[in-house]
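Please keep the coordinates open while reading.

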Amino acid sequence: MILACHGISKSFGENVILSEGSFHIEDHEKAALVGPNGAGKTTLFKMIVGELSSDGGDIILTKGKTLGYLAQHQDLVSGGTIYEEVKLARADIIAMEQQIREIEQELKHLEGDALNARLETYHRLTGAFERENGYAYESEITGVLKGLGFCEEEFSKPAAALSGGQKTRVSLGKLLLTKPDILLLDEPTNHLDMNSIAWLETYLLNYPGAVLIVSHDRYFLNRVVTKILEIEMGKLSTYLGNYSAYAKKKRLLREAQLKEYLNQQQEIKHHEAVIEKLRSFNREKSIRRAESREKMLEKIRPVEKPIEMNTEIHLTLEPSRISGNDVLTVESLGKSFPNQTLFTDVSFEIKRGEHVAIIGDNGTGKTTLLKILNQVLPADTGTFTLGTNVEIGYYDQEHHVLHMEKTIFDEISDDYPELTNTKIRNMLAAFLFTGDDVFKRIGDLSGGERGRVSLAKLMLSRANFLILDEPTNHLDITSKEILEKALNDYTGTLLYVSHDRYFINQTATRILDLVNHTFVNYIGNYDYYLEKRDELTAVYAKAKETAFASAGKNVSEAKLSWQEQKEAQARERKRKNDLQKTEERITSLEERDMEIDGLMMQKDVFTNSARCQELANEKAAIAEELEELYERWEELGT
């Protein structure tokens, strides 16, 4: 065990954050801390690292062990470059190397006992230097920076001039390189693109120390952690397994608790009804029986009612009218900025009812494409066409159409006067605005809160083509799940940019990957994309990159053929489907063949010649069909 918390309590006024919560983290264990926004996850982290004091309980870090903490917001004060800032994490190694070099110079001028003493120090230092992988520290720094999404050209940028997200990435790099015995990471995947998140997953899985993570990235948690600590309504519970295992156990426990609660409530009502009836007889004997029942009722230990879940809120998105089958046609679209080409000669189509996710590294042009489609920015080359009766609903985190003087509730009710108060409150609750929060002024909200209000308004717009830029930012896991269900039930067309791989897996029927200045098309969800990424990128994006680098070549030769890919991937899906059906039929026939063998051993069957002949004929037919199926299975399997 490396970290233990026993009976931890914390309150702010009447708001109980944690009541006698206990948990422990083992050496090398990877765990996550989950809970709704405001549940107290960051507060618990701050208590562990000593930034806040607890109201009660004990926090114990094993003697001699080191702890590293990544907060959500970082401030770099060294005044150096990105590389110099991260290099500070290896200051002990650098100082040791400097000392070794100094001793090497001294050895030239020493002899006798002085030489032997200095040589002993030299060997001790070089041994420690090797054990700390000192000879590779520069390549280690470079590897971590590149893994977190920095290219070598950025290493010399002043750290003080970086954005908040970039500073967090630099701080994460420094923390990883210090290699503490336990890492506390608060939302480490914020500000990382998909490749960087995948790199971090691998790094943490192989990390020799323990890790405790706060994150709303469910895909990340599924990949990395083996234990979930949940804070909910002041209680701390432990679940073994990854996020999906936790979610399943949580649901089953809640269902069992709700069933027990409802059964007990029914039993209590029955007792009360019987007591009331017995007392109504107003006889000595019936009154004594009523009093006996009351004593039985008092002995019943009340089952606590399960906490009401926001997942009981159902958002319904319904287009006001149906669009034509061709929703969007993009032809030879290109966009560049000074010294940066985002994409060139891009063509694709979106049909009615498709749910299309755009993915790609930061800075490749995903948000720019959405802005072009919404005429916020002009394209440099090419055109796009919207289909018949297409009505766009656009969510852009940078452009909120909100009235600063209105309350959140009025912002919704004024635009949608037909909605009841209950419906408005349910919609706002889905986006984390509950109780008196709905009466806050828009002008007093943070950027993330305004984004959630804008998203709530868009969900009510009844547009038939939703275009969303990072819709799950600023949402907790429960709200993401509500949004996922609403979008999956949505009969209109959806195009969105997201880094949330779990969200993409749940909602996308098609993925466009922006890589090497072009789009590679995948007919499927994120898991399908991972399966086919290397194969399709090599075919399409590599060809596009070659054409882009050779100015004399015709770029159109490398243009992604959406129809060709769709047909190829449809054939692959059909092959897998046929293979599955063939395997199921083989299994069924083999089971029947064994069943016939068993029947023919029964006395009432083998003494009945007509029945034996019937079963023999069936067995022969099975053998013939199986022969054909085995051949078919081999063809489909190649």
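The text below goes through the sheets, then the pocket, then the aromatic rings.

The model is predicted.

**The three-strand sheet**

Start with the open sheet of three strands. Its order is β11-β10-β13, and its pairing is antiparallel. β11 and β13 are the edge strands, and each of them pairs on one side only. From one strand to the next, the twist averages 15°. Helix α11, residues 366–373, packs on this sheet. Helix α11 touches β10, β11 and β13, and its direction makes about 120° with that of β10.

β10 and β11 form a hairpin, with two residues between the strands. Asn-339 sits in the turn and has a positive phi of about 65°. Asp-326 stands opposite Lys-351 in β11. Leu-328 has Ile-350 as its bridge partner in β11. Turn to β13, and the bridge partner of Glu-331 is Thr-383.

| Strand pair | Residues | Sense | Bridges |
|---|---|---|---|
| β10 and β11 | 326–337 and 340–351 | antiparallel | eight |
| β10 and β13 | β13: 381–386 | antiparallel | five |
| β17 and β18 | β17: 510–515 | antiparallel | five |

**The six-strand sheet**

The next sheet is also open, with six strands in the order β14-β15-β16-β12-β17-β18. Its pairing is mixed. Which strands stand at the edges? They are β14 (392–395) and β18 (518–522). Each has a single partner strand, so one side of each is left without a neighbour in the sheet. The twist averages 15° from one strand to the next.

Val-515 has Thr-518 as its bridge partner in β18. Helix α14, residues 447–459, packs on the sheet and touches β14 and β15 (465–469). The direction of helix α14 makes about 170° with that of β14.

**The second largest pocket**

Rolling a probe the size of a water molecule over the atoms shows where empty space is left. In this model, the second largest pocket holds about 410 Å³ of space. Its lining has 19 residues. Nearest the centre of the pocket lie Gly-149, Phe-150, Arg-169, Asp-193 and Asn-362.

Which elements give two or more residues to the lining? They are α5 (137–147), α6 (164–178) and α7 (194–205). By residue class, the lining divides into five nonpolar, nine polar and five charged.

**Aromatic pairs**

How many aromatic pairs does a search of the whole structure find? The count is 15. A pair of aromatic rings is described by the distance of the centres and the angle of the planes. One of the pairs joins Phe-45 and Tyr-69, with 6.0 Å centre to centre and 85° between the planes. That geometry is edge-to-face.

Why does this pair tie together parts that are apart in sequence? Phe-45 lies in helix α1 (residues 41–49) and Tyr-69 lies in strand β5 (residues 67–70), so the pair ties together parts that are 24 residues apart in sequence.

Note on methods: Residues are numbered from 1 along each chain as its sequence is written. This is a predicted model: local features need pLDDT of at least 70, side-chain atom pairs count only at pLDDT 80 or more; totals for chains, interfaces and linings use all residues. Side-chain values use heavy atoms; hydrogens and water are left out. Two strands pair if DSSP finds at least two bridges between them. Helices (H or I, at least four residues) and strands (E, at least two) are DSSP runs, numbered from the N terminus. Axes are lines fitted to C-alpha atoms, for helices over the stretch in contact, and angles run from 0 to 180 degrees between N-to-C directions. Contact means heavy atoms within 4.5 Å. On a 1 Å grid over the protein atoms alone, a cavity is a set of points where a 1.4 Å probe fits but cannot get out, and a pocket is an open set with protein on both sides within 12 Å along at least five of seven lines; lining residues have an atom within 4 Å of a point. Grid points are joined across faces, edges and corners, and a volume is the space filled by probe spheres set on the points. Ala, Val, Leu, Ile, Met, Phe, Trp, Tyr, Cys and Pro count as nonpolar, Asp, Glu, Lys and Arg as charged, and the others, Gly among them, as polar. Rings of Phe, Tyr and Trp (its six-membered ring) pair if their centres lie within 6.5 Å; planes under 30 degrees apart count as stacked, over 60 as edge-to-face and the rest as tilted.
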